[in-house]
Amino acid sequence: MDKLVLLSQINLLDELPEEDLKKIDELTLTAPIKKGTIILSPTQQIRSLFFLKKGQVRLYKMSSAGKEFTLDLLSEGNVFGETTSFSLTDTDIYAETMVDSFVCTLSKDRFEEFIRQNPDIAIKLITILTSKLKELYQITESIAYRDVKNRIVLLLMQLSTRFGVRSGEWQTVGVKITQHDIASMIGSTRETVSLFLGELEKEQVIIRKPLKINTTLAKELYEIEEG
């Protein structure tokens, strides 16, 4: 597939004219990355921006005891990584592909030269950062004021909005996620998450295979809005 076509489908670049896309096409290195590949880590820091064209990436931190804590899940259109000017990922975060993925890489030097010549790109990146911070604040606030069961429903609703497909009252979660991932993202334990997922399935709020959420029931029973 033409790399120029792939670039045009990435969220950050979807409004750029073809002339600008051609410029970026000349700057990026595009490659397939196998499932389970660590793209970034505290000991493998790469001063580049990564445009996730296809696949899924998990961002996580590691505790001093070696336990992983999932922070976010990314899919097509997301941007992560850092340069001197912009940082979309903390330096102590790991980024791992959850499935076979396709990633475009823009190096620090080339990126910074490009945004000096194209300030509209800088504005878009600021918009992304603002959106990420707002989303993080909303999640943090929800964790502070809701019990564990409510946090699970809220997280699944948010993931289904970002990644899922709607069919009637049901919406797929649309991203590969484990009970351990859910637990680390809401500040709970895997055992507690497993218990409440079972309750939610009995209430017909979720279906687990494949993972779906009944958005109508979620809103009625747990006062959670979509988006």
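**Entry 1: the sheet with E4**

I began with strand E4, which is joined to E7 by four bridges, the two running antiparallel. I took helices (H or I, at least four residues) and strands (E, at least two) as DSSP runs, numbered from the N terminus. I called two strands paired if DSSP finds at least two bridges between them. The model is predicted, so I noted the limits: local features need pLDDT of at least 70, side-chain atom pairs count only at pLDDT 80 or more, and totals for chains, interfaces and linings use all residues. Residues are numbered from 1 along each chain as its sequence is written, and side-chain values use heavy atoms, with hydrogens and water left out.

On to E5. Six bridges join E4 to E5, again antiparallel. Met 62 faces Glu 68 of E5. The hairpin of E4 and E5 has five residues between the strands, and Gly 66 there takes a positive phi near 90°.

Next I checked E2. E2 pairs with E7 over two bridges in the antiparallel sense. Leu 40 stands opposite Ala 95 in E7.

I then wrote down the whole sheet. It is open, with four strands in the order E2-E7-E4-E5 and antiparallel pairing. Which strands stand at the edges? They are E2 (38–40) and E5 (68–74); each has a single partner strand, so one side of each is left without a neighbour in the sheet. Neighbouring strands of this sheet are turned by 35° against each other on average, direction ignored. For angles I used axes as lines fitted to C-alpha atoms, for helices over the stretch in contact; angles run from 0 to 180 degrees between N-to-C directions.

Helix H6 (residues 179–186) packs on this sheet and touches E4 and E5. Contact means heavy atoms within 4.5 Å. The direction of H6 makes about 95° with that of E5.

**Entry 2: the sheet with E3**

I moved to the sheet in the order E1-E8-E3-E6. It is open, has four strands and pairs antiparallel. Strand E1 (29–33) and strand E6 (79–81) stand at the edges with a single partner strand each, so one side of each lacks a neighbour in the sheet.

Phe 51 stands opposite Val 79 in E6. Helix H3 (residues 108–117) packs on the sheet, touching E3 and strand E8 (101–107). The direction of H3 makes about 70° with that of E8.

**Entry 3: aromatic pairs**

How many aromatic pairs does the structure hold? I found two. Rings of Phe, Tyr and Trp (its six-membered ring) pair if their centres lie within 6.5 Å; planes under 30 degrees apart count as stacked, over 60 as edge-to-face and the rest as tilted.

Phe 50 and Phe 80 have ring centres 5.2 Å apart and planes at 20°, so this pair is stacked. Phe 50 lies in E3 and Phe 80 in E6, so the pair ties together parts that are 30 residues apart in sequence. Are they buried or exposed? Phe 50 is buried at 4% relative accessible area, and Phe 80 is buried at 1%. Buried means under 20% relative accessible area, exposed over 50%, partly exposed in between (1.4 Å probe, protein chains only).

Tyr 60 and Tyr 94 are also stacked, 5.0 Å centre to centre with 5° between the planes. Tyr 60 lies in E4 (residues 57–62) and Tyr 94 in E7 (residues 94–97), so the pair ties together parts 34 residues apart in sequence. Tyr 60 is buried, with a relative accessible area of 4%.

**Entry 4: helix H5**

I turned to H5 (residues 148–163), which packs with H8 (residues 215–222) at about 145°, the axes 11 Å apart. From H5, Lys 149, Asn 150, Val 153 and Met 157 meet Thr 215, Ala 218, Lys 219 and Tyr 222 in H8. By class, this contact has four nonpolar, two polar and two charged residues. Ala, Val, Leu, Ile, Met, Phe, Trp, Tyr, Cys and Pro count as nonpolar, Asp, Glu, Lys and Arg as charged, and the others, Gly among them, as polar.

Leu 155 also sits in H5. Leu 155 counts as buried, at 7% relative accessibility. What does Leu 155 touch, not counting residues up to four places away in sequence? I listed Ile 182, Met 185 and Ile 186. Leu 155 and Ile 182 are 27 residues apart in sequence and 7.9 Å apart in space, C-alpha to C-alpha.
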